[in-house]
Amino acid sequence: MAGKRVTGRDGQDEGGAKAGLPAMDISLAFPQATPASIFPPSASDYYQSDDLLTSEERSIRMKVRGIMEKEIAPIMSAYWEKAEFPFNAIPKLASLGVAGGTIKGYGCPGLSITASAVTMSEIARVDASCSTFILVHSSLAMVTIALCGSEAQKQKYLPSLAQLTTVGCWALTEPNYGSDASSLRTIATKAPGGWHIDGQKRWIGNSTFADVLVVLARNADTQQLNGFIVRKGAPGLKATKIENKIGLRMVQNGDIVLNKVFVPDEDRLPGINSFQDISKVLAISRIMVAWQPVGISMGVFDMCHRYLKERKQFGVPLAAFQLNQEKLARMLGNVQSMVLVGWRLCKLYESGKMTPGHASLGKAWNSRTAREVVSLGRELLGGNGILADFLVAKAFCDLEPIYSYEGTELEANKS
């Protein structure tokens with residue numbers, strides 16, 4: 001046996017190294033259909049919803065679409081498979097010019113809520129993980145500082161966050177409190193010159209590498225919610241990656257442990273003194289979340305639309321079969337309804353009429369409807385529907401955590 005490699009059924013030797021030849025490039029292994037690394041053209045705007053947008057909103061949408069298709073589509077499957085974040089792509093994501101969304105000044109783009117929403121869908125159309133990264137960074141961390149921070153805090157933190165030279169995260173959820181977030185138990189205790197924070201957070205996106213952590217904690221004296229800016233590397237702060245996720249695999253969700261983490265008074269957010277104070281932050285983030293499944297569904301439809309025309313069986317394209325046409329038409333109808341719900345949410349917000357119930361129902365409806373879209377898409381692609389190379393399998397998995405973290409109808413009914 002000396003010098004002989006012993007290979008098991010899984011194609012690995014006893015030391016864990018892979019045996020055999022590497023996999024063929026997908027374009028060579030399956031030349032009949034184009035993989036998602038070359039992203040399909042947009043075919044999902046059947047009701048010409050672009051006409052509802054201003055020229056500026058259409059312009060930023062097309063800019064984001066072009067960058068995502070050119071720069072992110074070719075690399076997304078490899079990073080998703082490895083469950084790693086593409087840090088080398090951050091300058092490309094910065095070039096989208098959407099970090100900070102509706103925030104005016106401080107180097108932020110000052111977009112309309114509609115522009116911010118449709119660009120979120122364009123990012124999600126190509127990759128849901130990148131859209132979650134931007135949502136957490138921009139619509140949670142940055143918006144919290146903009147709406148609840150002091151002028152000094154805005155000037156100090158927002159410009160670099162807008163350029164993505166620093167990255168933010170937003171720490172609310174705890175191991176024992178998920179949807180019941182207002183019951184959080186992380187404690188902030190007053191100390192000379194600042195605060196000591198003790199507690200634990202879970203499922204916090206971007207937390208393993210964020211430079212700026214917005215942490216929500218209960219004031220030990222008032223028992224009300226307060227907000228704090230915690231900086232990367234603070235003594236007593238530990239963030240570790242949550243492993244073995246089946247969806248949003250590029251997003252680095254983390255477990256955070258805070259052990260007497262000192263935060264100076266200057267980094268306490270003065271505008272957060274109760275859970276109700278973050279409702280204005282959640283209003284914006286819920287609109288963005290409502291548009292994530294819109295984008296995912298658009299990408300899946302676009303992929304299936306191209307695939308069914310390229311892939312032939314029994315001498316004709318798959319698109320020639322009526323069963324496939326019916327599924328594709330159902331997907332297209334769902335996308336139209338989701339776009340119109342999302343657009344109406346934006347208009348209600350802009351007019352000051354949007355209620356928490358509007359936002360909750362919108363994101364619950366869109367998340368649920370998108371599940372049907374991605375499920376039908378997975379069926380349409382057959383065996384290739386379980387390969388990340390053709391987008392649909394990845395989108396199918398990515399939608400599940402989105403449905404869980406913002407798709408619950410319990411919240412809509414409660415509103």
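**Getting to know a predicted model**

Me: In this predicted model, is I123 buried or exposed, and what is its relative accessible area?
Reply: A residue counts as buried when its relative accessible area is under 20%. I123 falls under that cut-off and is therefore buried, with a relative accessible area of 1%.

Me: Where does I123 lie, and which residues does it touch beyond those up to four places away in sequence?
Reply: The position of I123 is within helix α5, which covers residues 113-126. Leaving aside residues up to four places away in sequence, the contacts of I123 are V64, M68, L96, V98, C130, S131 and I134.

Me: What separation do the C-alpha atoms of I123 and G295 have?
Reply: Along the chain, I123 and G295 are 172 residues apart. In the model, however, the distance between their C-alpha atoms is 7.2 Å.

Me: How many helices and strands does the protein have, and how does its radius of gyration stand against the globule rule?
Reply: The secondary structure consists of twelve helices and twelve strands. For 415 residues the globule rule gives 22 Å, and the protein is as compact as a globular protein of that length because its radius of gyration is close to this, at 23 Å.

Me: What share of the contacts with a separation of 6 or more joins residues 24 or more positions apart, and what share of the residues is buried?
Reply: Among contacts in the protein with a separation of 6 or more, those between residues 24 or more positions apart account for 76%. Of the 415 residues in the protein, the buried ones make up 52%.

Me: What is the geometry of the aromatic pair formed by F85 and F87?
Reply: The count of aromatic pairs comes to eleven, and F85 and F87 form one of them, with ring centres 5.3 Å apart. Planes over 60 degrees apart count as edge-to-face, and the planes of F85 and F87 stand at 65 degrees, so the pair is edge-to-face.

Me: Which of the words buried, partly exposed or exposed applies to F85, and which to F87?
Reply: F85 has a relative accessible area of 5%, which makes it buried. F87, at 43% relative accessibility, counts as partly exposed.

Me: How are F133 and F209 arranged, and how many residues apart in sequence are the parts that they tie together?
Reply: The rings of F133 and F209 form a stacked pair, 6.4 Å centre to centre and with 25 degrees between the planes, and both residues are buried. F133 belongs to helix α6 (residues 128-148), whereas F209 belongs to the loop between β5 (194-204) and β6 (212-219), so the parts tied together by the pair are apart in sequence by 76 residues.

Me: Which residues are linked into a cluster by ring pairs?
Reply: Ring pairs join the residues of the two pairs described above into a cluster. The residues linked in this way are F85, F87, F133 and F209.

Me: What is the phi value of L391, and is L391 buried or exposed?
Reply: L391 lies in the loop between α10 (356-380) and α11 (392-406), and although it is not a glycine, its phi is positive, at about 70 degrees. Its relative accessibility is 2%, so L391 counts as buried.

Definitions and conventions
Residues numbered from 1 in each chain as written. Predicted model: local features only at pLDDT ≥ 70, side-chain atom pairs only at ≥ 80, totals over all residues. Heavy atoms only, no water. Helix = DSSP H or I, 4+ residues; strand = E, 2+ residues; numbered from the N terminus. Rg over C-alpha atoms; globule rule 2.2 N^0.38 Å. Buried < 20%, exposed > 50% of the residue type's maximum accessible area, 1.4 Å probe, protein only. Contact = heavy atoms within 4.5 Å. Phe/Tyr/Trp six-rings, centres within 6.5 Å; stacked < 30°, edge-to-face > 60°.
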